[in-house]
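Grab your viewer and work through these exercises one at a time. Try each task before you read its solution.

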Amino acid sequence: MSNRLLIAMVIAAAAADRGSAARSVQPESALAARCRLATFGATVGGNFTTREANMVAAGSFAPVAALPGLGPFCRVQASVTAVPGSIVNFEVWIPEKWNGKLVATGNGGYSNVPTYRDMGAALLQGYAATGGDTGHQTPTPDDLLWGAGHPERIEDWAGRSVHAGVGPAQRIVELATGKRPSRSYYYGCSTGGHQGYTAMQQYPDDFDGVIAGAPGNNRVRLNAGFLWQFLANRQRGDNSTLILPAAKLPLITKAVVEACDAGDGVADGVVDDPRTCRFDPAALQCKGADDAGCLTSNQVAVVQRIYAGAKNPRTGEQIYPGWPRSSEALTTGPNGAPASGWQQYWGVAEPTRANFWRYWVFDDPKWDWWSFDFDRDMARAADKVGKLIDRTSPDLARFKARGGKAIVYQGWQDPVVNALDTIAYAEKVRQQQKSAAETDSFYRLFLVPGMGHCSGGTGTTSFGNQAAAPPLVDADHDLLSAMDAWVERGKAPDRIIASRVVNGATVRTRPLCVYPKRAVFAGKGSTDDAASFVCR
């Protein structure tokens, strides 16, 4: 072979390699081409500033890496000022395959980070998503010191931060895609539900639909309920010794379920409506010495006080409802200790949310909870803090008039946000609207038997809540899909099929019904099949 021919062959092979390499490089997507800070500018408008914009490869962002099927997305980080002295950091995520709509997500507790799992769940359905830090930046959010002397931060946390961020988020999506979102929905649970109520009551034009789970909107009284639990389970002045130990809570729940489970016509280990349960904890009172299988008279009294709930000693007014029967220890761990139950929020060395009272209400680091007056001090808290954070107005006329829709869901056995308080708010909305039909036209409450706080429990608790995709993602089985069908097609959710999933397999389905209806066994078919139940 001549040198000239050999050289020609080498050149041809190199050219072929270059062509193959060029073919293997995927062209940059339109979204990726625009997902850079220059697209948005350092300051997009007024009080809104972008800080970073980058494409995130599939599976490379740790908080959502475990979500199967989540593809690449554009991640934009920005800040907005709601009022002078306020700073809200938020993020906007835009998937490659965008459906043209936006989901704003809420937060949990007193969190200062976006709820990434909720944002990822929205992306899986094709939505762009946004979420923020509630307007405070601190390494220890539960100390609540970030709100002391800063009412603007407290109000941001209670929901104004969501309002401040949704407009800029819509603009970011428009700049990244060339199209403004056609619909904007809200999705949150717990404090996220609280923030959803803020949107409906104070910023009714922000969202076409609001999904609010376990809404802690009656926040001052909710925290008073936690304080009541702490004081009810101790001798005055003794902060460390529990009268009723957490280890005995499963004993109570077991007895409640045995007494009341079949009251709904189906024995399935779940108390369908605890209001119908008349279990008396005195049935567990020890006949002799105290032991693990019974309650002392003092322990019986503690259970009765927690069932009764916080009351004003002067007027007898119910400050916050007592927690329902069967919420004592809904689930237990491998060692039999309570998992979801009262012990989560009754406090250890001090009451749960003691810092709320210390720093937001009394401005006193040495505040003594034993001195709390459920008459005088409740009035003080309502006047000082309640006006900033409580979202209890049933007047949703503006939200309804703009075409807004609301889906509220609540676990019956939630040991944190009391189902009875969520029901009480729904009843007030119904009174305001003058009829069930008018209420149901835009606001629907779904109670979930056997569910704790936002998710989990012994019932059918998978229906697109808490960012956990249900076995079927459609308008019959999934909250976000149901909301979209209601807003876009006028298909109101008369029921949502919830599933019980064990080790990846669906073992039971049951309809969740629009309050005040509940699922009733039709008399034939499997009690593990939603088709065997009717809502009435």
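**Exercise 1.** Find which residues line the second largest cavity, and sort them by class.

*Solution.* Start with the rule: on a 1 Å grid over the protein atoms alone, a cavity is a set of points where a 1.4 Å probe fits but cannot get out, and lining residues have an atom within 4 Å of a point. In this predicted model, local features need pLDDT of at least 70 and side-chain atom pairs count only at pLDDT 80 or more, while totals for chains, interfaces and linings use all residues. Residues are numbered from 1 along each chain as its sequence is written, and side-chain values use heavy atoms, with hydrogens and water left out.

Next, read off the lining: Asp 264, Asp 268, Val 270, Asp 272, Pro 449, Gly 459, Thr 460, Arg 508 and Arg 510. Now sort, counting Ala, Val, Leu, Ile, Met, Phe, Trp, Tyr, Cys and Pro as nonpolar, Asp, Glu, Lys and Arg as charged, and the others, Gly among them, as polar. You get two nonpolar, two polar and five charged residues. Last, the volume, which is the space filled by probe spheres set on the points, with grid points joined across faces, edges and corners, is about 90 Å³.

**Exercise 2.** Work out which elements supply the lining of the largest cavity.

*Solution.* First, the count: there are five cavities of 30 Å³ or more, and the largest holds about 110 Å³ of space. Its lining has 14 residues, with Thr 105, Gly 131, Gly 132, Ser 161 and Val 162 nearest the centre. Strand 4 (88-95), strand 5 (101-105), strand 6 (128-132) and helix 5 (151-177) each give at least two lining residues. Helix 5 has the largest share, four residues. By class, the lining of the largest cavity splits into five nonpolar, eight polar and one charged.

**Exercise 3.** Describe how helix 7 and helix 9 pack.

*Solution.* Axes are lines fitted to C-alpha atoms, for helices over the stretch in contact, and angles run from 0 to 180 degrees between N-to-C directions. Helix 7 (residues 219-232) and helix 9 (residues 297-308) come out at about 170°, axes 9 Å apart. That makes helix 7 roughly antiparallel to helix 9 (the label applies over 145 degrees). For the contact (heavy atoms within 4.5 Å), Trp 228, Gln 229 and Ala 232 in helix 7 meet Val 302, Arg 305 and Ile 306 in helix 9.

Notes. Parallel < 35°, antiparallel > 145°, perpendicular 65-115°, else oblique. 1 Å grid on protein atoms, 1.4 Å probe; cavity = no way out; pocket = protein on both sides within 12 Å on 5 of 7 lines; lining within 4 Å.
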